[in-house]
Amino acid sequence: LRASRKPGTSQLPTARVKKIILSDPDVDACGKEATFAIGKACEIYIHHLVESAYTQARLDKRKAVVYRDVSRAIKSTPHLEFLMDVVPQSIPLSQALTERQR
Amino acid sequence: MSTHADQDEASSAPTPTQLPIANVSRLMKQSLPPTMKLSSDTKLLMQSCTQEFIALVTSEAQERADAQKRSTLNGDDVLYALGVLGFDEYEKLGRVWLSRYRLAQGAASQSKTSK
């Protein structure tokens, strides 16, 4: 069977996923199953986030998904608080200027 | 004013390993109708988000491995991490993927030994 040559394939390169996992200083070694599982989780994660961002784009009646769609999708999805540093909260200009002066 | 500062920093400092933007982009497009466009900064953002996700799951999985005094992360550590972090659906799907993966791995090694 051809299928047995590509077991439960992932659309992300295994070596790269493994490299990212191993870049964590606390990680010594990562088994193939773990690499595979994280890779698959990423695929689902991207899928859900993009779906959510697409909803935002449709609400604005646009034909392109843009940065703020993803930003809004993140803010409206539970368990994605860890992404707050990646998409910082937009704060009023006056507040930003005040913080800059500190 | 500082919206693109992070990207400027990233181009001059050594960047951490990232997933290839082509793969990320392809996965993103698969979740959209073909007529929908994607801005390039969205792809970069998704790349960063996925990076953070991997880091988070890895960290949690490593804690479980540590607690069980193992030095190598395994599939169950990852599934456990997904559940603990609130990605319950991913944990359930993960069990299915892993069982298929294990079946396929078993079949592959059987075909090797039969030669």
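1. In chain B, an unreviewed UniProt entry places "domain: Transcription factor CBF/NF-Y/archaeal histone" at residues 18-82. UniProt positions follow the numbering used here, feature names are shortened, and annotations may be inferred rather than shown by experiment. This is a predicted model: local features need pLDDT of at least 70, side-chain atom pairs count only at pLDDT 80 or more, and totals for chains, interfaces and linings use all residues. Residues are numbered from 1 along each chain as its sequence is written, chains are lettered from A and ligands numbered from 1 in the order in which they are written, and side-chain values use heavy atoms, with hydrogens and water left out.

2. That span of chain B, residues 18-82, is 71% helix and 6% strand. Its end C-alpha atoms lie 21 Å apart. Helices (H or I, at least four residues) and strands (E, at least two) are DSSP runs, numbered from the N terminus.

3. Chain A has a feature of this name too, at residues 11-74, again from an unreviewed UniProt entry. Here the chain is 70% helix and 6% strand, with the end C-alpha atoms 23 Å apart.

4. Now the interface. Contact (heavy atoms within 4.5 Å) links 55 residues of chain B with 53 residues of chain A. The two chains bury about 5,000 Å² between them, and 74% of it is on carbon and sulfur atoms. Leu27(B), Trp97(B) and Tyr101(B) supply 13% of the area that chain B buries against chain A, more than any other three residues. Buried area is the accessible area (1.4 Å probe) that two parts lose on being put together, summed over both.

5. Within chain A, helix α2 (residues 32-59) packs on helix α3 (residues 67-76) at about 115°, axes 8 Å apart. Axes are lines fitted to C-alpha atoms, for helices over the stretch in contact; angles run from 0 to 180 degrees between N-to-C directions. So α2(A) is roughly perpendicular to α3(A) (65 to 115 degrees; under 35 is roughly parallel, over 145 roughly antiparallel, the rest oblique).

6. α3(A) also meets helix α3 (residues 40-67) of chain B: the axes come within 8 Å and cross at roughly 30°. Tyr67(A), Val70(A) and Ile74(A) touch Asp41(B), Thr42(B), Leu45(B), Met46(B) and Cys49(B).

7. α2(A) reaches across as well. The axes of α2(A) and helix α4 (residues 75-84) of chain B come within 7 Å and cross at roughly 35°. Glu33(A), Ala34(A), Ala37(A), Ile38(A) and Ala41(A) meet Gly75(B), Val78(B) and Leu82(B).
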